[in-house]
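Subject: Structure handover

Hello,

Here is the structure I promised. Please open it alongside this message. My notes follow below.

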Amino acid sequence: MTIDQSVLQLLEESVLCWLATSSLQGEPSVSPKEIFKPFKGDSIVIANIASPQSARNINENPRACVSFVNIFTQKGYQITGAASILKRPDQDYQQAKQALEELTLGKFPFKSIFRVSVEQVREIIAPRYRLFPETTEEDQIRSALKTYGVQSELSSSSPCDTERRETNQQTTTWSRNG
Ligand SMILES: Cc1cc2nc3c(=O)[nH]c(=O)nc-3n(C[C@H](O)[C@H](O)[C@H](O)COP(=O)(O)O)c2cc1C
């Protein structure tokens, strides 16, 4: 299915996603991935840099789930679909690699690329929004900044900052000033 605009926006805002897969026997595995992007309007691609178990599981069982949240607004999505593994000779590999290398600047070699086609989308939001409907995104951002201790971290920058991180930092800066 086509990924809608609100999901695309949160994919851009989220620094990490979590990829869940399972073996043929149903043994689950979930791990964080930072290098991911929407792809061709209907799927998410994730760089396989160091994810051997995910790769084994996808080969055995294509069902996968990807979740991501903007840790400041504490809103996100959970996406379920069929995963496949793109390798160098595959038709879409080069295009997916190019998109993901915008995040790594080519610094990390990819063993392959996982592609999860979007079949089901479910919203994830912090319980506070539902329990206390007067909660605004600004309230939640303020609370998350405190929880993560971000304010004291803002002055130091990591040498491995990615484009997406910079985007998030802009969000942070804005929320601090707001
Ligand atoms: C913050 C963070 C970001 C990561 N991003 C990626 C990534 O984009 N791609 C990848 O292959 N591994 C990434 N990793 C490493 C994997 O999560 C890690 O090697 C994990 O053990 C792989 O598990 P798996 O084999 O079950 O997939 C990341 C780890 C962390 C802590």
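Start with a hairpin. Strand 5 and strand 6 form it, with four residues between them. Gln74, in the turn, has a positive phi of about 60°. Strands here are DSSP runs (E, at least two residues), helices are runs of H or I with at least four, and both are numbered from the N terminus.

Two notes before you go further. This is a predicted model: local features need pLDDT of at least 70, side-chain atom pairs count only at pLDDT 80 or more, and totals for chains, interfaces and linings use all residues. Residues are numbered from 1 along each chain as its sequence is written.

The sheet

Strand 5 (residues 63–70) and strand 6 (residues 75–86) pair in the antiparallel sense over eight bridges. Two strands count as paired if DSSP finds at least two bridges between them. Asn70 stands opposite Lys75 in strand 6. Strand 5 also runs antiparallel to strand 1 (residues 17–22), joined by five bridges. There, Leu19 has Val66 of strand 5 as its bridge partner.

Strand 6 pairs with strand 7 as well, antiparallel, over twelve bridges. Ser84 sits opposite Arg115 of strand 7 in that pairing.

Put together, seven strands make an open sheet in the order 2-1-5-6-7-4-3, with antiparallel pairing. Strand 2 and strand 3 are the edge strands, each pairing on one side only. On average, neighbouring strands of this sheet are turned by 30° against each other, direction ignored. Axes are lines fitted to C-alpha atoms, for helices over the stretch in contact, and angles run from 0 to 180 degrees between N-to-C directions.

Strand 4

Strand 4 pairs antiparallel with strand 7 (residues 112–125) over six bridges. Ile44 stands opposite Val116 of strand 7. Strand 4 also pairs antiparallel with strand 3 (residues 36–39), over four bridges. Lys37 has Val45 as its partner in strand 4. Strands 3 and 4 form a hairpin too, with three residues between them. Lys40 in that turn has a positive phi of about 50°.

Six of the six residues in strand 4 are buried. Buried means 20 or more other C-beta atoms within 10 Å of the residue's own; 12 or fewer is exposed, in between is partly exposed, and C-beta atoms are placed from the backbone. In a regular strand, side chains alternate between the two faces of the sheet. In strand 4 both faces are covered: Ser43, Val45 and Ala47 are buried on one side, and Ile44, Ile46 and Asn48 on the other.

Helix 3

Helix 3 (residues 93–104) lies across strand 3, strand 4, strand 6 and strand 7. It runs at about 60° to strand 7. Contact means C-beta atoms, placed from the backbone, within 7 Å. Just after helix 3, Leu105 takes a positive phi of about 55°.

Best wishes

Note on methods. Two residues are in contact if their C-beta atoms, placed from the backbone, lie within 7 Å.
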